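Trainee: Could you walk me through how to read a structure like this one? I would like to go feature by feature.

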Amino acid sequence: MTTSMPTSGLQIEHEESGAAPVISLSGALTVHALASLQAGLKEVPQTSVIDLSKVTRIDTAGAWALADLERRAAASGGRLRYRGASEAAELLLDTVRRAMPVAEPAPGTATGLRALFEATGKRVVGGYDFLRGLVAFLGMFLAGLFRVVIHPREFRFTSLVAHCDDVGLRAVPIVSLMAFLIGVVLAFQGATQLRQFGAEVFVVDLIAISVLRELGILLTAIIVAGRTASAFCAAIGSMKMRQEIDAMRTLGLDPVTVLFVPRILALLLMLPILGLIADIMGLFGGALMSWIELGISPSMFRTRLVADIDISNVIVGLVKAPVFAVIIGVVGCHAGMQVKGDAESLGRMTSSAVVTAIFAVIVADALFSIFFAEVGM
Amino acid sequence: MTQPDDSAPIIRVRGLRTQFGSHVVHDGLDLDVYRGEILGVVGGSGTGKSVLLRAITGLERPAAGRIEAFGTEVLTASPDDRDRLDDRWGVMFQDGALFSSLTVRENVEVPLRRIPDLTPELRRALADLKISLVGLPYRAGDAYPSELSGGMRKRAGLARALALDPEVVFLDEPTAGLDPIGASAFDQLINTLSEALGLTVFLVTHDLDTLYATCDRIAVLAEKRVLVTGTLPEMLEVDHPWVQEYFTGPRARLARDAVRPDTKTEAD
């Protein structure tokens with residue numbers, strides 16, 4: 001009986017002679033022929049002689065197939081013997097036989113409802129730990145800030161200015177453009193709705209209140225969260241990866257005063273200014289669109305704005321800025337400190353910093369809305 | 001195995017010139033690699049040991065010269081020929097260069113996916129065998145590269161390089177960053193595998209202990225070319241200041257003394 005595998009040049013011959021059947025293999029016993037070799041060896045009797053004298057080449061895959069056959073034969077009380085194996089083949093077989101992996105069952109993992117509960121529990125505890133970490137980080141920042149106030153010499157003024165430039169000045173174009181477009185959109189949408197009632201002139205109130213109270217500062221904070229939280233996280237995270245932060249500690253430099261205080265303070269100073277710029281640009285965009293679309297002249301827009309809109313709207317908007325700034329800064333720096341040694345965690349933490357910062361800013365804004373509604377502002 | 005089996009080299013580099021901008025790394029470099037040998041490539045920092053490895057394996061395009069492997073011109077090979085070459089050699093990069101999103105077992109399975117009629121079960125079994133061959137515990141197969149120590153990552157990288165039973169493996173600094181025990185275990189592993197699998201090993205290293213423990217032949221890179229090749233005893237005779245300093249310096253003497261009593265005997 002001969003089984004021939006033309007593609008690989010492998011041949012398996014069964015011979016019934018004397019006590020044990022002889023299986024004679026010829027050709028290349030390599031990984032390319034492994035599938036056919038495995039199939040051909042399936043019905044080999046438990047006790048047989050395997051003749052390797054006509055094998056031209058054998059690699060670890062071929063040796064594995066033979067060792068696997070041996071193992072199966074031994075399990076059912078049989079025994080395999082070899083004939084005509086070259087010295088190299090013997091050595092390879094020996095090495096593979098010694099290295100044959102013994103499957104170890106994976107540690108038991110919970111399934112079904114239990115797994116669901118376990119995962120939920122882990123996430124809840126993880127979320128709690130994360131929040132606690134954030135609060136601890138905020139405390140660390142405040143302590144660092146306090147320390148800097150007491151010992152102004154430790155403060156890095158140059159660093160603060162550099163971060164202000166990065167966080168504030170460089171964000172002006174994008175923030176202005178965004179706010180301008182928001183003003184345009186509001187005016188346009190407002191105009192189409194209000195025209196139905198002949199109340200076009202109220203578009204000024206609509207634009208002013210929504211931009212000054214909510215949209216100006218909220219959208220600025222969201223853009224800054226995307227820009228700056230990721231930048232903080234990446235900068236601090238890569239320093240953490242390269243052990244620069246450990247080096248700082250051993251040199252007696254406090255990462256809080258050197259790295260975190262200048263960054264978060266820069267954000268604290270710059271975000272209100274960016275918010276103010278956004279307010280102005282939003283009103284400018286709204287006024288322009290009202291003029292084009294509704295024929296409300298800029299001077300009329302101004303008169304109406306001054307007469308109808310209380311300054312408290314601006315205050316309500318801008319008072320949120322420092323809070324948003326601290327949220328963005330703390331989330332970004334905290335995420336940077338969570339980076340482990342590998343580059344993958346840096347990427348993961350950076351994107352998580354942005355998502356967390358934006359989410360937290362929106363939550364804080366909602367809380368502010370409730371608060372201002374309660375106090376009647 | 002101290003003597004090359006075949007007289008014709010399986011890899012032949014002639015007149016290699018590599019440069020980055022105006023910085024010339026190699027100029028007129030010649031090198032032969034023979035079947036079954038463990039060739040150690042040494043040289044000072046910045047002499048282009050790794051660049052040579054990258055040039056031979058086609059990762060770096062040289063400015064001039066010829067590289068021939070298994071009778072194929074590496075530089076002008078057609079994509080099909082390249083594929084065949086890639087099956088015949090494996091590369092272990094310095095830190096293993098494992099794919100971080102795959103487990104160790106999946107990493108080792110990646111090259112095996114190129115074999116068309118291999119079932120997933122067979123692929124998995126072969127990957128497990130390779131993992132065990134390089135001395136990793138069975139459970140390491142389920143781990144992700146970031147969960148392994150540096151030495152284990154190197155072993156896993158070697159397992160992946162060996163997945164298709166290549167004829168030549170290129171090892172880039174296999175023992176750099178390992179503790180002495182881990183490093184000498186790795187030396188042992190290279191010896192065992194080269195013997196059992198009939199591997200040819202192209203080994204870039206700084207590690208004198210590795211040179212003494214494993215290499216049949218040594219090629220010294222200096223002055224932008226292969227300055228000299230030969231066995232370790234021959235190196236001691238070379239009259240060149242860097243080679244003298246390297247092979248007879250205090251660390252070299254220690255490595256030589258450490259290896260003399262036992263390690264080399266079973267490899268010979």
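Trainee: How many residues does the contact take from chain A and from chain B?

Mentor: Good place to start, and keep in mind that this is a predicted model. Two residues count as touching if their C-beta atoms, placed from the backbone, lie within 7 Å. Here, chain A and chain B contribute 23 residues each to the contact.

Trainee: Which helix of chain A gives the most to the side that touches chain B?

Mentor: Helix 1 (34-40), helix 2 (60-75) and helix 3 (87-99) of chain A each supply at least two residues of that side. Helix 3 of chain A gives the most, with six residues. By type, the side of chain A that touches chain B has 15 nonpolar, four polar and four charged residues.

Trainee: At what angle do the axes of helix 2 and helix 3 of chain A cross?

Mentor: For a helix pair, look at the axes, then the residues. The two axes cross at roughly 65° and come within 9 Å, and the crossing is right-handed. Helix 2 of chain A brings Thr60(A), Ala63(A), Trp64(A), Leu66(A) and Ala67(A) to meet Leu92(A), Leu93(A), Val96(A) and Arg97(A) of helix 3 of chain A. This contact comprises seven nonpolar residues, one polar and one charged.

Trainee: What radius of gyration does chain B have, and what would a compact globule have?

Mentor: Compare the value with the one for a compact globule of equal length. For 268 residues that would be near 18 Å, and chain B agrees, because its radius of gyration is 18 Å. The C-alpha trace of chain B spans about 55 × 45 × 35 Å along its principal axes, and 46% of its residues count as buried.

Terms used
Residues are numbered from 1 along each chain as its sequence is written. Chains are lettered from A and ligands numbered from 1 in the order in which they are written. This is a predicted model: local features need pLDDT of at least 70, side-chain atom pairs count only at pLDDT 80 or more; totals for chains, interfaces and linings use all residues. Helices (H or I, at least four residues) and strands (E, at least two) are DSSP runs, numbered from the N terminus. Ala, Val, Leu, Ile, Met, Phe, Trp, Tyr, Cys and Pro count as nonpolar, Asp, Glu, Lys and Arg as charged, and the others, Gly among them, as polar. Axes are lines fitted to C-alpha atoms, for helices over the stretch in contact, and angles run from 0 to 180 degrees between N-to-C directions. A crossing is left-handed if the near helix is turned anticlockwise from the far one by less than a right angle, and right-handed if clockwise. The radius of gyration is taken over C-alpha atoms; the globule rule is 2.2 Å times the number of residues to the power 0.38. A residue is buried if 20 or more other C-beta atoms lie within 10 Å of its own, exposed if 12 or fewer, and partly exposed in between; C-beta atoms are placed from the backbone.
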